[in-house]
Amino acid sequence: MTATTIAGVRDTDRVDEDLASAFGAVIGQANVLTSFDQRLGYSRDRLPFAVFRERAGEIAGAVPRLVVRPANQDEIVRIVQLAKARNVPVIPYGNGSGVLGGAIPLGGEIMVDTRRLDKIVSINPTDAVVTVQAGMNGADFEQQLNEAGYTSGHLPQSIEISTVGGWLACRGGGQLSSRYGKIEDIVVGLKAVLPDGTPLEVRPVARRSVGPSIRDLMIGSEGTLGIITEATLRIFKMPAVERGVVLAFPSLQAALDSARLIMQAELRPTIVRLYDRVESDERTKDIALFKTKPFLAVLQFCGSEPMVTAEQSMALEIAAAQGGEVGPSGPYEHWKQNRYVAYSQKWHDAGYFNDTIEVTGNWSTIPAMYDAIGNAVRAIYPGIHFGAHWSHVYPEGACQYMTVRLPPMPDDQALPIHQKLWDTVQQLTLDHGGSIAHHHGAGLFRNPWMKRELGAGLAVLQSIKDALDPGNLFNPGKIGLRAGPNAKDIRRD
Ligand SMILES: Cc1cc2nc3c(=O)[nH]c(=O)nc-3n(C[C@H](O)[C@H](O)[C@H](O)COP(=O)(O)OP(=O)(O)OC[C@H]3O[C@@H](n4cnc5c(N)ncnc54)[C@H](O)[C@@H]3O)c2cc1C
């Protein structure tokens with residue numbers, strides 16, 4: 001690959017006109033995108049590695065053969081049937097906000113852009129559920145729910161740039177997850193199209209005991225097992241009261257212990273965010289209290305007034321016993337105002353190599369895991385920026401969300417370091433009994449660690465994939481599953 005790759009691809013690129021008109025007959029020619037520039041826009045998601053390559057004038061993956069934009073499930077069924085008949089691999093596309101390369105084509109795929117499936121189908125106040133089409137933008141969805149007096153409780157930082165279907169496909173987590181749960185706790189039912197074109201429906205019923213959960217087979221499948229077309233989600237009444245609290249702790253251990261004890265006391269603040277020293281300092285520079293108690297935590301409580309008051313006072317009692325002291329609200333207000341901002345873009349624009357890696361650990365191992373990763377990362381590149389916070393907490397453990405940032409340097413120097421950082425973080429997470437991914441999914445970039453993560457489970461997953469998709473046509477080469485023939489290896493090719 002050279003810096004002229006994109007120009008090179010453009011020169012040799014040919015659209016398969018026969019294929020384009022066959023899909024046009026299904027969904028209308030206007031909904032088949034064929035121009036190079038349109039298709040180039042679908043050649044990557046927000047995987048930082050792909051952003052680095054593009055900045056250098058190259059593409060990490062491939063340009064898709066075509067992009068199709070269906071309007072409903074019936075059209076998706078017919079697209080999948082046609083793709084199967086022509087042996088064409090397909091990648092479902094939400095809004096390309098994934099950060100692990102799940103939506104990156106590796107050669108020969110067409111993209112199925114779901115964004116014309118963009119409506120709330122119904123709200124059922126009695127059952128407290130909403131049914132929504134999979135391609136609906138997250139922020140539009142939440143706004144319409146708010147106007148009806150509800151929230152979905154799933155508010156990822158990327159809400160403005162992601163779709164509901166993408167949340168399910170990536171098994172995502174929203175910022176209020178400590179209270180409302182992750183997406184798998186919120187989804188009650190769904191519809192999807194399987195790789196042979198069969199429509200699948202998991203009816204939205206409160207619970208069932210009929211073998212392994214088919215719903216959970218789709219959640220987190222990242223487009224490899226089905227195209228999700230509709231979801232029924234829990235909804236929650238908009239809280240009457242929302243109150244944020246800033247706490248200063250004398251040590252990271254004290255902050256971690258507080259979060260653990262709050263969750264183990266069965267309290268459910270909507271937000272529990274703890275920051276390491278680096279990330280605390282960035283947010284508390286001018287606040288005197290943090291000179292002596294330098295570790296920042298932000299909590300938020302929502303609900304009715306008596307509930308919020310009771311929950312807050314119990315949580316603060318637990319925090320005080322660990323040395324936590326209430327501070328001025330500035331860091332909470334700052335978080336609230338910037339909760340949907342994508343910070344990495346400004347670093348990429350300035351030539352830095354910025355990436356985030358979120359993993360899961362249990363409370364008993366998080367301190368050692370954090371120290372081991374921090375020490376190893378700084379040994380790899382002493383001038384690196386490394387910071388962490390813990391923002392999705394459970395009675396058993398938490399998500400450790402780390403930012404690593406290398407200063408501007410030539411790509412051939414930075415990319416091997418970047419790879420080594422990922423290798424080290426993922427391996428040390430596994431060494432400490434953690435999971436390599438908390439909510440961003442596995443996509444393409446986490447393939448090398450999937451066997452170590454899942455063990456025999458990966459063969460189970462591959463068997464399911466082979467049974468459902470014998471032609472390996474649904475998003476091949478993702479979440480550790482077999483790639484298609486001639487698939488590009490983004491790290492080598
Ligand atoms: C700044 C930023 C902040 C983020 N914050 C969060 C966060 O707080 N929480 C979080 O969970 N994630 C977060 N993410 C990651 C990302 O936004 C989520 O993974 C999101 O769910 C992806 O949705 P999307 O619609 O953009 O999907 P895409 O990126 O288009 O696709 C992601 C994967 O899902 C598959 N897919 C998409 N739609 C469907 C469908 N309908 N059926 C089957 N497969 C499908 C694709 O093939 C691909 O494999 C963040 C990303 C960024 C850039």
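The side chain of Ser97 places an N or O atom 2.6 Å from an oxygen atom of the ligand.

| Residue | Protein atom | Distance to a ligand oxygen atom |
|---|---|---|
| Ser97 | side-chain N or O | 2.6 Å |
| Thr163 | polar side-chain atom | 2.6 Å |
| Glu222 | backbone N or O | 3.1 Å |

Of the 970 Å² of accessible area that the ligand has on its own (Shrake-Rupley method, 1.4 Å probe), the protein covers 96%. The ligand is surrounded by 36 residues (a heavy atom within 4 Å), and the closest are Pro92, Ser97, Ser158, Thr163 and Gly173.

The model is predicted; local features need pLDDT of at least 70 and side-chain atom pairs pLDDT 80 or more, while totals for chains, interfaces and linings use all residues. Residues are numbered from 1 along each chain as its sequence is written, and side-chain values use heavy atoms, without hydrogens and water.

An automatic or database assignment divides the protein chain into domain 1 (120-237), domain 2 (241-337) and domain 3 (344-445). Between domain 1 and domain 3, about 630 Å² is buried (accessible area lost on being put together, 1.4 Å probe, summed over both), with 40% from carbon and sulfur atoms. In domain 1, Ser178, Lys182 and Glu222 lose the most area to domain 3, together 53% of what that side buries. Across this interface, 6 residue pairs are in polar contact, both residues at pLDDT 80 or more.

Technical notes. Buried area is the accessible area (1.4 Å probe) that two parts lose on being put together, summed over both. A polar contact is a pair of N or O atoms within 3.5 Å; within protein, one must be able to donate a hydrogen and the other to accept it, and residues adjacent in sequence count only if both atoms are side-chain atoms.
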